[in-house]
Amino acid sequence: MATSHHYDRRFGWVYPLFQLLGLALVPLHGQSLGSLYTLTSVIVSSYVLLILCVAVYSLAYPGDLFFLSDATGTFADAIQFEILLVVPLVSLILSLAKRPLQQRIARLMDQLDGQLEANASEPGLLERFNYTMSGDVLTTVIIYNVIPAANEMFIISRISANIIWYRNWLLKVWFLMLIRLGDTLFLVHVQYVRNRYRLLNYELKQTRSQPDAITHRRLVRLKAVQNLLKDLTGDVSDRFGWQLFSVITMLFICTTIDGYWMYASLYHDGNLYKTESFLCGISPFLMFFMLFNVCQHCVDEGELTFYHLHNVLNRPLPPQTIQNFSKQLNNEKVNFSAANFFELKLSGLTTIFASITTYLVIYINFLPKTDTFNDYNKEHNLVNSEM
């Protein structure tokens, strides 16, 4: 086993950030645990206290954060706001409860990279794939975190005249960032699994040009690598399953309510923030797409292993060598799920958006037919505000 390539170091600079937020409690090699745990305790205690204070404030003074107009719906605003306070706590609790599983994931990654490095067909092959993975991780972090945050900050900059909506967004944007960082830890693990399947497929392609005796030995070793990848995929899905379920439930609710806002903006007169209402839908849509798309690419890479293996079938190898490997790939496919409720594939995303549309149609039927935004605008002196 190559202990120099500890799994968290492969994730680069982002992993210490997950540690400080209490989302990854497996330490790096050589870290000062006293300083790490002190900083983590201070940061985690601070944002947990902030969540509790905001929750109490929002329930005690709902008029300061939620619209009291039938056109927008106080109840919908409250649900959309309060669920953002719950999800970060769910991620934190699961991080504590699933720490033994996170440690097992660390050991599996060490074993996996140890075998890949020991049996690499080319010198420095693992480091090359690690470099590729670091680029994929950086891209994921930017798309999943930076773009939604920039969109949300733009919305905040445009709604300062609407003090309630401005106050609502100014509070909840920080919890949205925290939620996305928790999801990023999952996406980083998925990128790792995808990268290692890509490396396995590369090694299978290289095996086709080897002599028969060497090919047989390499297939046995690569099957052991695939066994570790299968176990790792299951553990990652188990570690983040309930966290994903809570996040996707949140996104489902928020997207439905944002759709209601969009329709209300078009249906009712007097909304001075139609553009901002539509911009609110960008972040949840992007989060949905990234979660399902990254998992879909990983699943696709895993399915290619079956194809590359069968390119070796025309060789005079012992039948058992190929058959066991082939049956395993066929029966134990790569899969990520949200607590076994649904799989994270693009086909599943289509089903979710179909459900959102159905609920939105039902929700819109409760929209008051005679209400407008004018009363709200007058109450808050927004009639003459600039967009």
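Let me start with one term: a residue counts as buried when its relative accessible area is under 20%.

Hi everyone. What you see above is a predicted model. The protein has 12 helices and 0 strands. Of its 387 residues, 52% count as buried. Among contacts with a separation of 6 or more, 82% are between residues 24 or more positions apart. The accessible surface comes to about 17,300 Å², and carbon and sulfur atoms hold 62% of that.

The UniProt entry, which is unreviewed, annotates transmembrane regions, including residues 79–97 and 275–294. In the model, residues 79–97 are 100% helix, with the end C-alpha atoms 27 Å apart. Residues 275–294 are 90% helix, and there the end C-alpha atoms are 29 Å apart.

Now to the charged pairs. The structure holds 9 salt bridges. Which residue does Arg104 pair with? Its partner is Asp235, with the closest N and O atoms 2.5 Å apart. Arg104 lies in helix α4 and Asp235 in helix α7, so this pair ties together parts that are 131 residues apart in sequence. Arg104 is partly exposed at 34%, while Asp235 is buried at 11%.

Back to our arginine. Arg180 meets Glu152 in a salt bridge, at 2.8 Å from N to O. Arg180 belongs to helix α6 and Glu152 to helix α5, so the pair links parts that are 28 residues apart in sequence.

For another setting, take Lys345 and Glu343, whose side chains meet at 3.4 Å, N to O. Lys345 is partly exposed at 22%, and Glu343 is partly exposed at 36%. There is also a network: salt bridges with shared partners join Asp136, Arg198 and Glu301.

The disulfide count is 0. For Cys295, the nearest cysteine sulfur is that of Cys298, 7.2 Å away. Cys295 is buried at 0%, and Cys280 is buried at 9%.

Last, the surface. Trp13, Leu138, Ile142, Val146 and Ile147 form a nonpolar patch there, with about 470 Å² of accessible area together. Ile142 sits in helix α5, residues 125–158, and is partly exposed at 38%.

Thanks, and I'm happy to take questions!

Definitions and conventions: Residues are numbered from 1 along each chain as its sequence is written. This is a predicted model: local features need pLDDT of at least 70, side-chain atom pairs count only at pLDDT 80 or more; totals for chains, interfaces and linings use all residues. Side-chain values use heavy atoms; hydrogens and water are left out. Helices (H or I, at least four residues) and strands (E, at least two) are DSSP runs, numbered from the N terminus. Buried means under 20% relative accessible area, exposed over 50%, partly exposed in between (1.4 Å probe, protein chains only). Contact means heavy atoms within 4.5 Å. Accessible areas come from the Shrake-Rupley method with a 1.4 Å probe; for residues, only the protein chains shown count as cover. A disulfide is a pair of cysteine sulfur atoms within 2.5 Å. UniProt positions are given in the numbering used here, feature names are shortened, and annotations may be inferred rather than shown by experiment. Patches are made of residues with over 30% relative accessible area and no salt bridge: like charges are joined within 9 Å, nonpolar side chains (Val, Leu, Ile, Met, Phe, Trp, Tyr) within 5 Å. A salt bridge is a side-chain nitrogen of Lys or Arg within 4 Å of a carboxyl oxygen of Asp or Glu.
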